Amino acid sequence: MSFTRRQGSGRPRQSSRRKDRHIASNARVQPTASSAALQAQVAPSLGGHVSSRTIGRCLAEGHLGSLCPLRALPLTPTHQHLRLKWFHARGN
């Protein structure tokens, strides 16, 4: 599915299609990167500041916005075993 923009509807875009493609390709390479991390990575290569709204819009248009960064490391098998042992010791 591609998005087309009708001429004259809304405010003109400040980012070009090249910038949008660059942002989307970086998001595909690092699917769990946050928008702030993408913003920091993309800004030097595009030669200027890119707003967080631009990053979010590019991800939404490319259907890449549903992936979220890893919030916490998964538990190790030893830690899982210890937590389960603690859970059963409490009588739950």
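Me: To begin with, what share of the residues in the protein chain is buried?
Reply: Bearing in mind that this is a predicted model, buried residues make up 20% of the 92 residues in the protein chain.

Me: And how many helices and strands does the secondary structure come to?
Reply: The protein chain has four helices and zero strands, and the pattern read along the sequence is α-α-α-α.

Me: OK, on to helix packing. How do H1 and H3 cross?
Reply: Two packed helices are described by the angle between their axes and the distance between the axes. For H1 and H3, the axes come within 9 Å and cross at roughly 70 degrees, and the two helices are therefore roughly perpendicular to each other.

Me: Which residues meet there?
Reply: On the H1 side they are Asp-20, Ile-23 and Ala-27, and these meet Thr-54, Ile-55, Arg-57, Cys-58 and Leu-59 in H3.

Me: Thr-54 is in that list, so is it buried or exposed?
Reply: Thr-54, whose place is in helix H3, is buried, with a relative accessible area of 16%. Not counting residues up to four places away in sequence, Thr-54 touches Ser-15 and Ile-23.

Me: Now the other pair, H2 and H3. At what angle do their axes cross?
Reply: The axes of helix H2, which covers residues 35-46, and H3 cross at roughly 110 degrees and come within 10 Å. That makes H2 roughly perpendicular to H3, and the contact is made by Ser-35, Leu-38 and Gln-39 of H2 together with Ser-52, Ile-55 and Leu-59 of H3.

Me: Tell me more about Gln-39: what is it in contact with, leaving aside neighbours within four places in sequence?
Reply: With those neighbours left aside, Gln-39 is in contact with His-49, Val-50, Ser-51, Ser-52 and Ile-55. Gln-39 has its place in helix H2 and counts as buried, at 18% relative accessibility.

Me: Where does His-49 sit, then?
Reply: His-49 is placed in the loop between H2 and H3, and at 67% relative accessibility His-49 counts as exposed. His-49 and Gln-39 are ten residues apart in sequence, while their C-alpha atoms are 8.2 Å apart in space.

Me: Switching topic to charges, how many salt bridges are there?
Reply: The count comes to two salt bridges. In one of them the side chains of Arg-57 and Asp-20 meet, at 3.7 Å from N to O. Arg-57 lies in helix H3 (residues 52-61) and Asp-20 in helix H1 (residues 17-29), so this pair ties together parts that are 37 residues apart in sequence.

Me: Which residue forms the other one with Arg-57?
Reply: Glu-61 forms a salt bridge with Arg-57, and the closest N and O atoms are 3.8 Å apart. Because Glu-61 and Arg-57 are four residues apart in helix H3, they are separated by about one helical turn. Through shared partners, the salt bridges join Asp-20, Arg-57 and Glu-61 into one network.

Me: Last topic, the surface. Which residues form a nonpolar patch there?
Reply: Leu-84, Trp-86 and Phe-87 form a nonpolar patch on the surface, and together they have about 330 Å² of accessible area.

Me: Where does Phe-87 lie, and what is its relative accessible area?
Reply: Phe-87 lies in helix H4, which spans residues 77-89, and Phe-87 is partly exposed, with a relative accessible area of 36%.

Note on methods: Residues numbered from 1 in each chain as written. Predicted model: local features only at pLDDT ≥ 70, side-chain atom pairs only at ≥ 80, totals over all residues. Heavy atoms only, no water. Patch = residues over 30% accessible without salt bridge, like charges linked within 9 Å, V, L, I, M, F, W, Y side chains within 5 Å. Areas by Shrake-Rupley, 256 points an atom, 1.4 Å probe, with all protein chains shown as cover. Salt bridge = Lys/Arg side-chain N within 4 Å of Asp/Glu carboxyl O. Buried < 20%, exposed > 50% of the residue type's maximum accessible area, 1.4 Å probe, protein only. Axes fitted to C-alpha atoms, helices over the stretch in contact; angles between N-to-C directions. Parallel < 35°, antiparallel > 145°, perpendicular 65-115°, else oblique. Contact = heavy atoms within 4.5 Å.
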